[in-house]
Structure formats: structure tokens, C-alpha cells
Amino acid sequence: MDVVPVFPEMWKHKPFSADIDKDGKIYARGTQDMKCVGMQYLAAIRALKSGGATLKRTLHVMYVPDEEIGGHLGMEAFVKTDDFKKLNAGFSLDEGLASETEVFPIFYAERSIWQIHFKINGNAGHGSLLLNNTAGEKLHYLLDKMMAFRKAEALRLQLNPQLNIGDVTTVNLTRINGGVQSNVIPPQMEAVFDIRLAVHIDHSVFEKQVSFPQFFSHYMFINEKKKKKKKKNF
């Protein structure tokens with residue numbers, strides 16, 4: 001549930017062992033995001049049942065397997081079924097946020113997730129040449145532009161104590177693909193950025209900002225599943 005791949009050599013504990021240290025902390029992939037909150041759901045339901053609570057509506061808890069890859073085979077498929085319609089769901093609560101204390105945040109706004117795949121075409125040839133208009137040159141231009149925007153957002157967050165991470169747009173390079181051999185200039189490279197748009201950002205304006213038609217042919221995957229901005233604690 002909500003688990004991404006691991007690099008075992010970077011772990012002090014085996015990533016799927018759920019080791020518990022002397023302080024009672026559990027070390028395993030996905031313990032904080034998001035298995036701990038899943039356990040809190042079950043604990044809350046157990047407390048309600050043992051306390052004899054009676055709810056006005058039926059409470060359904062769902063654990064889906066593919067949230068990290070878009071949810072296309074999980075929740076997206078399920079909401080189209082008759083079984084989902086029969087639930088007559090009034091509203092839903094998202095996964096929330098892990099907390100090490102008794103204080104749990106409530107969120108009232110969400111950042112939009114954009115995952116942009118840039119496909120960069122250029123002149124190909126032998127690695128001993130200095131060709132113009134190569135995919136590598138265009139990739140360099142793209143990285144400069146995206147990282148300059150990232151740096152500006154990081155500076156906004158650093159200089160304004162009134163802001164939290166939900167008030168800024170985050171930009172992170174997550175994948176670079178391309179090339180077949182070390183001495184061959186590739187005809188195409190690909191760069192993937194994970195972007196979380198702040199709630200005040202105009203999507204159409206931002207799309208124009210990150211479109212570079214003079215350099216790239218690219219496609220954009222926009223996932224409207226969103227991350228949250230803190231409102232208050234209770």
C-alpha cells in the first residue's frame with residue numbers, strides 16, 4: 001500500500017523487515033507513508049466499536065494497491081463499478097499525514113500533481129564530433145530553466161516564515177533516459193519532472209511557462225490527485 005521501490009544497500013535495516021528499535025520506532029518501506037495512517041484508521045474504528053458508537057452513515061475504509069503509479073488499476077477502476085455506486089458515498093477522506101504526536105493536521109486545500117515527460121530530439125552522431133542542436137544541449141537548457149524556477153520557489157519558502165511547503169510549487173527532476181552507447185550522441189533524450197503546483201497557480205499560465213516548442217516535443221501527464229496544504233491542528 002502506497003509503497004515505492006527501495007535501494008536496500010542504502011538502508012540500515014532490511015526495508016521489508018519492519019525492525020523495531022529500542023525507542024519503539026518501526027523501520028520499513030512505507031511505515032510513515034502511508035501504512036501508519038492506515039493502522040490509525042483501523043485503531044479508530046476499533047475504538048468506536050468497542051465504545052459502542054453508532055454512526056449515522058456506514059463507514060467504508062479502502063486500501064488500494066497502486067496509488068504511487070496513478071491508481072488506474074485501483075481506485076480509478078473501482079469508482080466506475082456498480083459496487084462503488086452501491087456504497088452511496090457522501091464524502092471521502094484522503095490519506096492525511098503521519099504525526100508523531102497527538103496533534104493531527106486538517107487540510108483545506110491541495111496542490112496539483114503534474115508529472116511532465118520532456119522528449120528531446122536532436123542531431124545524432126559520433127561522440128568525437130561537436131554537432132550543433134544535440135539532445136544533450138537542449139537537455140542542458142531545460143535543466144537550467146526548471147532548476148532556476150525551483151531555486152526561486154525554495155528561496156520564497158526560506159525567506160517567508162508564513163509559508164509552508166503547501167504554499168509553494170515544488171519541482172524535482174526524477175528521471176533522465178537516453179542513449180545507447182557511451183560514444184554515440186543520441187537522437188533523443190527524455191527528462192521527467194515531478195511538479196506539485198501551489199493552489200494559487202494558474203494551470204494554463206504555468207503550462208505556457210514550461211512549454212519550449214522551439215526545442216522540445218513533449219507530452220504531459222497531469223495527475224489531479226493532490227497533496228495538501230495545512231489549515232490547522234486539532
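Methionine 34 sits in helix H1, residues 31–50, where helices are DSSP runs of H or I with at least four residues, strands are runs of E with at least two, and both are numbered from the N terminus. What makes this spot worth a look is the peptide bond between aspartate 33 and methionine 34: it is cis, with omega at about 20 degrees. For context, most peptide bonds are trans.

Before going on, some ground rules. This is a predicted model, so local features need pLDDT of at least 70 and side-chain atom pairs count only at pLDDT 80 or more, while totals for chains, interfaces and linings use all residues. Residues are numbered from 1 along each chain as its sequence is written, and side-chain values use heavy atoms, with hydrogens and water left out.

Now step back to the whole chain. The protein chain has five helices and eight strands, and from the N terminus on they run β-β-α-α-α-β-β-α-β-β-β-α-β. Of its 234 residues, 24% count as buried; here buried means under 20% relative accessible area, exposed means over 50%, and partly exposed is in between, using a 1.4 Å probe and protein chains only. Take the contacts (heavy atoms within 4.5 Å) between residues at least 6 apart in sequence: 68% of them join residues at least 24 apart. The accessible surface comes to about 16,300 Å², with 57% of that belonging to carbon and sulfur atoms; the areas come from the Shrake-Rupley method with a 1.4 Å probe, and for residues only the protein chains shown count as cover.

Arginine 111 is buried yet has no salt bridge, and the nearest side chain of opposite charge, glutamate 153, is 7.6 Å away. A salt bridge would need a side-chain nitrogen of Lys or Arg within 4 Å of a carboxyl oxygen of Asp or Glu; for charge, Lys and Arg count as positive and Asp and Glu as negative, with His and the chain ends not counted. So what does the arginine 111 side chain reach instead? It reaches the backbone oxygen of valine 168 at 3.1 Å, and it also makes a polar contact with the side chain of threonine 170 at 3.4 Å. A polar contact is a pair of N or O atoms within 3.5 Å; within protein, one must be able to donate a hydrogen and the other to accept it, and residues adjacent in sequence count only if both atoms are side-chain atoms.

Strand S3 also holds histidine 117, which counts as buried because its relative accessibility is 12%. The side chain of histidine 117 makes a polar contact with that of glutamate 190 at 3.4 Å. The C-alpha atoms of histidine 117 and arginine 175 are 9.0 Å apart, although 58 residues separate the two along the chain.

Finally, two loops. Most residues other than glycine have a negative phi, but asparagine 88 has a positive one, near 55 degrees. Asparagine 88 is in the loop between helix H3 (82–87) and S3, and at 53% relative accessibility it counts as exposed. Asparagine 133, in the loop between strand S4 (125–126) and H4, also has a positive phi, near 60 degrees. At 42% relative accessibility, asparagine 133 counts as partly exposed.
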